[in-house]
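Visitor: I've got a few "how do you know" questions about this one. Could you show me the model and then walk me through it?

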Amino acid sequence: MAAPRLFRPATRLLSSRLASSPLRPAFAKSCAPSFVRARGYASESGTKEVTVRDALNEALAEELEINQKTFILGEEVAQYNGAYKVTRGLLDRFGPKRVIDTPITEAGFCGLAVGAALAGLHPICEFMTFNFAMQAIDQIINSAAKTHYMSGGIQPCNVTFRGPNGFAAGVAAQHSQDYSAWYGSIPGLKVVSPWSSEDAKGLLKAAIRDPNPVVVLENELMYGQAFPMSEAAQKSDFVLPIGKAKIERPGKDLTIVSLSRCVGQSLTAASELKQKYGVDAEVINLRSIKPLDVETIIASLKKTGRLMVVESGYPMFGVSSEILALSMEYGFDYLTAPAVRVTGAEVPTPYAHGLENMAFPQEDTIVNQAAKLLRL
Amino acid sequence: MRPFNASLLSLRARIPGLGTSTCPLYTSTRRFAQVANVQDIPTEDDKPFTVPIADTSFETYHFDPPTYSVKTTKSQLKQLFRDMTTIRRMELTADGLYKQRKIRGFCHLSIGQEAVSVGIEHAITREDKLITAYRSHGNTLMRGGTIKSILGELLGRRDGIAHGKGGSMHMYAKSFFGGNGIVGTSVPLGTGIAFAQQYDQTGNITVNLYGDGAANQGQVHEAFNMAKLWNLPVIFGCENNKYGMGTSVERASASTEYYKRGQYIPGLKVDGMDVLAVLAAMRHGREWVKAGKGPLVYEYATYRFAGHSMSDPGTAYRTREELQTERSNDPISNLKSKLIDWGIMTEDEARAVDKEVRGMVSREVEAAEQMPVPEPRWDVLFEDIYVPGSEPDQRRGRTVDETVY
């Protein structure tokens, strides 16, 4: 353990027990399936409409099937079939050893999951919503994210935290918050935020397979939405690389970077921009918040010269703040206008419908801000 | 769990002191293990014989106490003495290094509490797991860390046990999960480690240590609940050294009977200044837990001779008299006088062990001081944030120019 480490990290890679086994497809950059890059926006034959909920369920079932070290625990995940039915049928299929109902005790069961990961298992820890994970955030950050580093690399922690994040409909302030920026700021964590069904399946599977702690920020408002899923994505070996964004809509006039539910809103806004003004906006679906695909964002910015970030988190110190800062650092000379952001408003989420709408980006908010940016 | 309720009253009636606020284990004169018949001690070093333990060593909560004796050998007794002496010497060395400003930041010493880590280690195997809080040097040594790798870590060296990344509170070894710096968080972690043992059907146990200060953290009780609910193979061990930092247990806890704080989990209070009592209690508990009877809550009544950390002289909140009284219960000198009384060691042999340990530790500290510091390079700084082979493409330094791709 205290052997001299003069030749690190190259020799580490060679001698590492994790690296000595074949690299999992999720990490080998070259292994990102070519169809992921080649595929267009859902038009191939063999595609099937699948809801985000079912895609997540499929991902869980497939990973539980192939990896005996994987189990899922959380509140109501087993007998109740999941508060949002993401874990439907898993108890029947995998039994109570692998699908475990916990008491309502976030700090406790999250810590237990992290401990089990330290001891070599690959737990999937479901939070009924990430709002409740605030009770356990110390375990996620101090115990899960930092231990591999603090131990000098001898103590990995392969745990996946997942659950719905962001605002839902009419549930008011305590149940409506976006934690992307919180977890995205922590070294040692990886954070993904799926939008479509393919995102959901591919990223969740990648998260479970990744040997580091990964936070999967789903979105309750997306669970029931159906997306076309390619034949390849329907297969059990479908995995998306963590750290790679996806250009959902190519364009030349404006780069819109977005994540989670706002990707869909941004795509609608992009169509409207095209229709109204004949403008071609490129829409980038971040998919991964940490690591952030800076390369894709900057390449797009260099092409379009204009950047807008759309998210539903709080405006201060958020994902969009970070991307705007990166655009200054890496793309300042290419910007033909100041980069802008469309975010949630700086307010605890209100209950009343009309007020709630004012607190989060709407499609017209995005269109109007883009028009202003482009001086249309 | 149900039968316990019925027997609680009768238990209280039978055991004086149970359920009252006076703790027999904290009276000024503790009784140590006595050998009833000195002639019974074998001449061979490895031949087992039985040593009785003082009848004040245990207090129980819905739990049958261990037998008031422990089977051991002369060589084990000597090893117990040597192990405790080694931890003491290592901690005193760390104290000196800290005062020379060679150790940075936090440094919590376990001087006075050696019987707990040593007694536990002698009762469990390397396949059993152990996790503790931030006062972890002794446990790290007992779990297989070398003295120079521990001191090297304290000195922030590349060949320290965590390669200079963890420091005093974050050391790890096989079957040892740290070294955890946030009070209370290690308890659910330890419960998860026991969960993994049950999941993998290893047949081993987890020793889940925390302090009297941590005992009031909510997540400790969350862990108790799940451990009992799922019958996990874990011994929760509260090292009660009477102070959470500078706050005495009486000022922090509505009930200072930490072995009863598991409520529905059987408990045992152990004289944590008697290594033989700890050994007997842990063997007994290990068998219980291994038999699938579920978790236990242990309390080790111990005392920290030093301050909470290096910045605390440890005198503002406790009296000179208290310190003197507790020092008369020093687990090392007490075991030593027993071993001499029993004819297992002579005074000269004990002195020789002490001298040998001193020499060994000073050689180790020399070796630790020879270790190189981590090179101030980006690849060294950024290594091990993620598991090798799964790192992100880039890691940002302080400026954009310092970003590593």
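Visitor: How many residues does the contact take from chain A and from chain B?

Guide: Chain A gives 50 residues and chain B gives 47, where two residues are in contact if their C-beta atoms, placed from the backbone, lie within 7 Å. This is a predicted model, with local features needing pLDDT of at least 70 and side-chain atom pairs pLDDT 80 or more, while totals for chains, interfaces and linings use all residues. Residues count from 1 along each chain as its sequence is written, and chains are lettered from A and ligands numbered from 1 in the order written.

Visitor: Why is α3(B) called oblique to α9(B)?

Guide: Their axes, lines fitted to C-alpha atoms over the stretch in contact, come within 8 Å and cross at roughly 40°. Under 35 degrees would be roughly parallel, over 145 roughly antiparallel, and 65 to 115 roughly perpendicular; the rest is oblique. So α3(B) is oblique to α9(B).

Visitor: And what makes α2(B) oblique to α3(B)?

Guide: Those axes come within 9 Å and cross at roughly 135°, which makes α2(B) oblique to α3(B) too. Among the residues making the contact are B:L80 and B:I87 of α2(B) and B:A115 of α3(B).

Note on methods
Axes fitted to C-alpha atoms, helices over the stretch in contact; angles between N-to-C directions. Helix = DSSP H or I, 4+ residues; strand = E, 2+ residues; numbered from the N terminus.
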